[in-house]
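Hi,

Here is the structure I said I would pass on. Have a look at it first, and then read my notes below.

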Amino acid sequence: MSYRLPTKAKSWSFSDGWRATRDHGGCVFIDLRDREGITQIVFDPELPSHGDLPRAAHDVARALRSEWVVGVRGVVKSRGANKNPKLATGEIEVQAIELTVFNKSDTPPFEIADQIDTAKRSACSSATLDLRRAPLQKTLRVRHRINQVTRRYFDESGFLELETPVMVKYTRPAAARNFLVPSRMHTGKFYALAESPQLFKQLYMVAGFERYFQIVKCFRDEDLRLDRQPEFTQIDVEMSFVSQDDVFRVIEGLVFRIWKEVLGIDLARLYPDGRFPQMPFEESMSKYGNDKPDLRFALPHVDLTDIVAQHRGGQVAFWQEIADRRRSGGGGGSREGFAEIVKAMRVPADLAGKMSRAELDKLEEFVKGMGAKGLARAKVDAGGGWVQSPLAKTITPELRLAINQLLDAKEGDLLLFHVWPREHSAYRDGKLAGPSGQEARTHPGERARGAMEVPLGRRPAAVRVRRPKEGGGWRRTTHSPGPTTTASTCSTATPARFLCWRYDLVLNGVELGGGSIRLHDPVVQAKVFRALGISDEEARSKFGFLLDALRYGAPPHGGIANRDGSARDAPQRRREPARRHPFPQDTKGNGSHDRCAERGGSRTAPRAEESRTIEPR
């Protein structure tokens, strides 16, 4: 078996160094690394029964340096009382008989060790060296195992693994930009790299394959960040003759199986019925200000608009304006018609006590940066009164009591009040919860939650999954057109009133996957395109092949795409999020291994004037 020397070698006296520096008793000890871990090798020149081979190996071993590639043949023996509990192979050692040096190595730019910061790699080859470290090796091994479990699960469930084209027609009217590939045979024309197999897996359903899956590579020309790369892998699923719940059950079964077989975690202990919780979109947006809430923070938002209006603002000037507009009909007489809404968040006393005045001032500047007028706050005293707040001087006792009861406020709690424009309220609430609740995670592990029923014209909602003792689950969303409405409804309702069979899978505030029940009626599909502002001509130009297919008896169908395999990265997300990709690109899109985006990297890159010809109008 072949091994690779780690950065540190050790002699009989266990002195650290590039090679054995002393050999008490004539023995040399080194640690050898392969993909299974580190193994101690003993070179004893007096090893009996093997002639001169052990002595020759011993002489070569004394000259070894870090990262040399070597092969060892020897005898495996117990280390007896000298076991090393820190190593997986710590109970044994190999007494070397033969040693072969396959290749030498220059001194690496950094130490190949488990715990080391290699974020500032400068050499192109450093990314490859980084992959020699055990944490990254483990990440890719886990990915391999998840892929195998996924394939077995879907095969046993009657799915077919089918391929879809990578070079496709540009069709996305308002989504992530596509990468372009110039055509050699058609001058000035380009292919788009598929950002998902969405349209083609629907064509598989029209063709009668009924159950499709694929572990597929996708491409999106987006700004890079810690958890986003231009190319990524997703587990793509589509099924015919299914409801939303059928999709949920299939993916829940997959995630349960992956976590148990690969990670050794039985999610059935947290979810005995094998189902993840579900949360309506509106509840998620209203309570957590986010379509993918992280329930570990446990800081829900409470809408005070109705109660403020009932008390006519409670003598708080900027609340009175909202109440007066409602009384005068400026909000249409309903809470939904308000231009602005009042919300509050209760920070528990144990957390509030840790927040300094400077931190609270920073929080106020944070919300002002998002367009708010400010962040009012009040602390609750033993009698339910408000202190450390200008609101305490003007608010009526009746409104203060009503707010305390609605928020379940107790002594020492910190109440944060804010007024947002309605259309931005939920998004900004979610931004506020993050810095307010960094220490408010009431659960130490992950949990799951889900949601549904989302207006077509709104931001997407999400379904989420989490490990034991944290928050996540299923939820409906609004990315692409997929409403539950009929053709007549499309003619009369506005997009913001359409409800969609859309859903996402979320882990600790991170969207892991999303999907929908698709439109299979070509009449409804055409009307939805018009409702989204896509003309019949544009729809025919970009989606003609799908519209034609739907005309020939498309079955009801739906599916989901789990980016990065749902469970694949969850346990490693906090450890090395930037290296879940073996060969990542930097923030400028340069490959860590080949600098692929540097000037001169491609002699066939399209000219700017040519690429503009396929941009959406």
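A quick definition to start: a salt bridge here is a side-chain nitrogen of Lys or Arg within 4 Å of a carboxyl oxygen of Asp or Glu. Keep in mind that this is a predicted model.

By that rule the structure holds 30 salt bridges. One of them joins the side chains of Arg141 and Glu36, at 3.3 Å from N to O. Arg141 sits in helix H3 and Glu36 in the loop between strands E4 and E5, so this pair ties together parts that are 105 residues apart in sequence. Arg141 is partly exposed at 35% relative accessibility, and Glu36 is partly exposed at 47%.

Another pair is Asp413 and Arg346, whose side chains meet at 2.9 Å. Asp413 belongs to the loop between helix H12 and strand E18, while Arg346 is in strand E15, so the bridge links parts 67 residues apart in sequence. Here Asp413 is buried, at 3%, and Arg346 is partly exposed, at 26%. There is also a network of salt bridges linking Arg152, Glu156, Arg257 and Glu261.

Now for the buried residues. In helix H8 (residues 317-327) they are Trp319, Ile322 and Ala323. Those three span an arc of only 95° around the axis, which puts them on the same side of H8. Over in helix H5, you'll find Ile258, which counts as buried at 0% relative accessibility.

Last, cysteines: Cys27 is buried at 10% and Cys218 at 1%, and the disulfide count is zero.

Cheers

Key. Residues numbered from 1 in each chain as written. Predicted model: local features only at pLDDT ≥ 70, side-chain atom pairs only at ≥ 80, totals over all residues. Heavy atoms only, no water. Buried < 20%, exposed > 50% of the residue type's maximum accessible area, 1.4 Å probe, protein only. Helix = DSSP H or I, 4+ residues; strand = E, 2+ residues; numbered from the N terminus. Arc of directions from axis to C-beta. Disulfide = S-S within 2.5 Å.
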